[in-house]
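Trainee: I have not read a model like this before, and I would like to go through it with you feature by feature. Could we start once it is on the screen?

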Amino acid sequence: MRLERTLPGMTAIAALMLTLTACGGNSPAEAPGESSSGGSSGIPVQTAAVPLASPVLKSSPSAAEESEKIQGSGTYVGQMDPHSVEIVTEEGPTAFELGAGTEDAPEGIEMDEPVVFTYVEKIVGKDPVVIQRVLSSLTKAD
């Protein structure tokens with residue numbers, strides 16, 4: 001009879017010990033500022049934020065890319081966002097990034113107006129298939 005009472009008690013104690021063992025000890029996921037020594041010294045631990053290096057999204061144009069300006073014409077569709085416009089060219093609808101000095105060019109052009117433009121093609125990253133077209137000039141066609 002006594003064994004019937006102690007067996008559930010021992011099982012409960014064993015489960016409690018397993019739970020306590022699993023929750024304590026040397027775990028790699030300690031909170032910042034806590035030490036693994038187990039004792040608390042009461043001294044605050046200061047941590048400094050380390051800036052992470054951000055990947056370079058745009059490659060700087062080489063001298064060869066700068067000299068290869070391409071001229072084109074098409075129909076102005078509109079401004080896609082504050083730094084890009086869409087123009088229908090012989091290739092179809094094409095996105096162009098507004099380059100230095102062309103940020104205000106879309107203000108004087110209405111939708112569906114013919115335009116003349118000059119741009120430079122830049123390879124984005126290491127993939128030669130992905131090309132970014134950056135406008136050097138954008139004006140209404142005569």
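Predicted model: local features only at pLDDT ≥ 70, side-chain atom pairs only at ≥ 80, totals over all residues.

Trainee: In what order do the strands of the closed barrel run?

Mentor: Strands are DSSP runs of E with at least two residues, numbered from the N terminus, and two of them pair if DSSP finds at least two bridges between them. Here five strands form a closed barrel in the order β1-β2-β3-β5-β4, with mixed pairing. Neighbouring strands of this sheet are turned by 55° against each other on average, direction ignored; the axes behind such an angle are lines fitted to C-alpha atoms, and angles run from 0 to 180 degrees between N-to-C directions.

Trainee: Over how many bridges do β1 and β4 pair?

Mentor: β1 and β4 pair over six bridges in the antiparallel sense, and Ser73 has Val116 in β4 as its bridge partner. Strand β1, residues 70-81, is also antiparallel to β2, over five bridges, with Gln79 partnered by Val85 in β2. Between β4 and β5, which run antiparallel, there are nine bridges, and Ile123 stands opposite Ile131 in β5.

Trainee: How many salt bridges does the structure hold?

Mentor: A salt bridge is a side-chain nitrogen of Lys or Arg within 4 Å of a carboxyl oxygen of Asp or Glu, and the structure holds three of them. One joins Glu91 to Arg133, with the closest N and O atoms 3.8 Å apart. That pair links distant parts of the chain, since Glu91 lies in the loop between β2 (84-89) and β3 (92-98) and Arg133 in strand β5 (residues 131-140), 42 residues apart.

Trainee: Which residues are linked with Arg133 in a network?

Mentor: Glu91, Glu121 and Arg133 are linked in a network of salt bridges, for the side chains of Arg133 and Glu121 also meet in one, at 3.8 Å from N to O. Here Arg133 in strand β5 and Glu121 in strand β4 are twelve residues apart. The remaining pair to look at is Lys140 with Glu113, whose closest N and O atoms are 4.0 Å apart; Lys140 is in strand β5 and Glu113 in the loop between β3 and β4 (114-123), 27 residues apart.

Trainee: Is Glu91 buried or exposed?

Mentor: Buried means under 20% relative accessible area, exposed over 50%, and partly exposed in between, using a 1.4 Å probe and protein chains only. Glu91 is exposed, at 65%, whereas Lys140 is partly exposed, at 42%, and Glu121 is partly exposed, at 29%.

Trainee: What volume does the largest pocket have?

Mentor: Rolling a probe the size of a water molecule over the atoms shows where empty space is left. On a 1 Å grid over the protein atoms alone, a pocket is an open set of points where a 1.4 Å probe fits, with protein on both sides within 12 Å along at least five of seven lines, and lining residues have an atom within 4 Å of a point. The largest pocket has a volume of about 160 Å³, a volume being the space filled by probe spheres set on the points.

Trainee: Which strand gives the most to the lining of the largest pocket?

Mentor: β1 gives the most, with four residues, and β1, β3 and β4 each supply at least two. Among the lining residues are Ile70, Phe96, Tyr119, Glu91 and Arg133.

Notes:
Residues numbered from 1 in each chain as written. Heavy atoms only, no water.
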